[in-house]
Amino acid sequence: MFSQSLIFLILLLGIGVIAKNQSLIIAVFVLIVLKAAGLDSKAFSFLQSKGINWGVTIITIAVLAPIASGEIGFRDLGGAFKSPYAWVALVSGIAVALLAKGGIVLLAEDPHITTALVLGTILAVSLFKGVAVGPLIGAGIAYMAMKIFELFK
């Protein structure tokens, strides 16, 4: 009748509705529809393996859209590097990309850690109005913390 995973998804849907988080509501709804349609065995595996890459690609498109539209040009790029905030942003971008790389390694080597990362992301999205880009960066931060912990072990 109701599987544990379906009950969990319905609970997450309720959290999304209570928190008025459209992203969580849509994500859970899509997963419930796929499950109800019997497409879960193939679709979930496919989404799990390709979804992060799709998400990163969509975010990259959104970030590059102002360049494509002409809102941001070479003059803006040159001017940005005159600001100390732009240098902070540059270093932050590099750090996040390196953290995400470590996150991919951690998720591949230690997939059970995904449960805690997903729970943390759900809590941040539903309770604190966060954005669900956390699992990969969270895994990267966890990977870095684990490596630091191993140094002092």
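Student: What pLDDT does the chain average?
Tutor: This is a predicted model, in which local features need pLDDT of at least 70, side-chain atom pairs count only at pLDDT 80 or more, and totals for chains, interfaces and linings use all residues. Residues are numbered from 1 along each chain as its sequence is written, and side-chain values use heavy atoms, with hydrogens and water left out. pLDDT is the predictor's confidence in each residue, from 0 to 100. Of the residues, 96% score at least 70, and the chain average is 82.

Student: In which helix is confidence highest?
Tutor: Helices are DSSP runs (H or I, at least four residues), numbered from the N terminus; strands are E runs of at least two. Confidence is lowest in α6 (residues 113-128), at a mean of 77. The highest value, 88, belongs to helix α2 (residues 22-36).

Student: Is Val28 buried or exposed?
Tutor: Val28 is found in helix α2. Buried means under 20% relative accessible area, exposed over 50%, and partly exposed in between (1.4 Å probe, protein chains only). Val28 has a relative accessible area of 4%, so Val28 is buried.

Student: How far apart in space are Val28 and Thr114?
Tutor: In sequence, 86 residues separate Val28 and Thr114. C-alpha to C-alpha, their distance in space is 17 Å.

Student: How far apart are the end C-alpha atoms of residues 86-107?
Tutor: UniProt (unreviewed entry) lists "transmembrane region" at residues 7-34, 54-74, 86-107 and 113-146. Residues 7-34 are 93% helix and 0% strand, with end C-alpha atoms 15 Å apart. Residues 86-107 are 100% helix and 0% strand, and their end C-alpha atoms are separated by 31 Å.

Student: Why is the pair of Phe46 and Trp54 classed as it is?
Tutor: Rings of Phe, Tyr and Trp (its six-membered ring) pair if their centres lie within 6.5 Å; planes under 30 degrees apart count as stacked, over 60 as edge-to-face and the rest as tilted. Phe46 is partly exposed at 41%, and Trp54 is partly exposed at 42%. Their ring centres are 5.3 Å apart and their planes at 65°, so the pair is edge-to-face.

Student: Which residues line the second largest pocket?
Tutor: A pocket is an open set of points on a 1 Å grid where a 1.4 Å probe fits, with protein on both sides within 12 Å along at least five of seven lines; lining residues have an atom within 4 Å of a point. The lining divides into five nonpolar, one polar and no charged residues. It consists of Val63, Ile67, Ile72, Gly73, Phe74 and Leu77.

Methods:
Ala, Val, Leu, Ile, Met, Phe, Trp, Tyr, Cys and Pro count as nonpolar, Asp, Glu, Lys and Arg as charged, and the others, Gly among them, as polar. UniProt positions are given in the numbering used here, feature names are shortened, and annotations may be inferred rather than shown by experiment.
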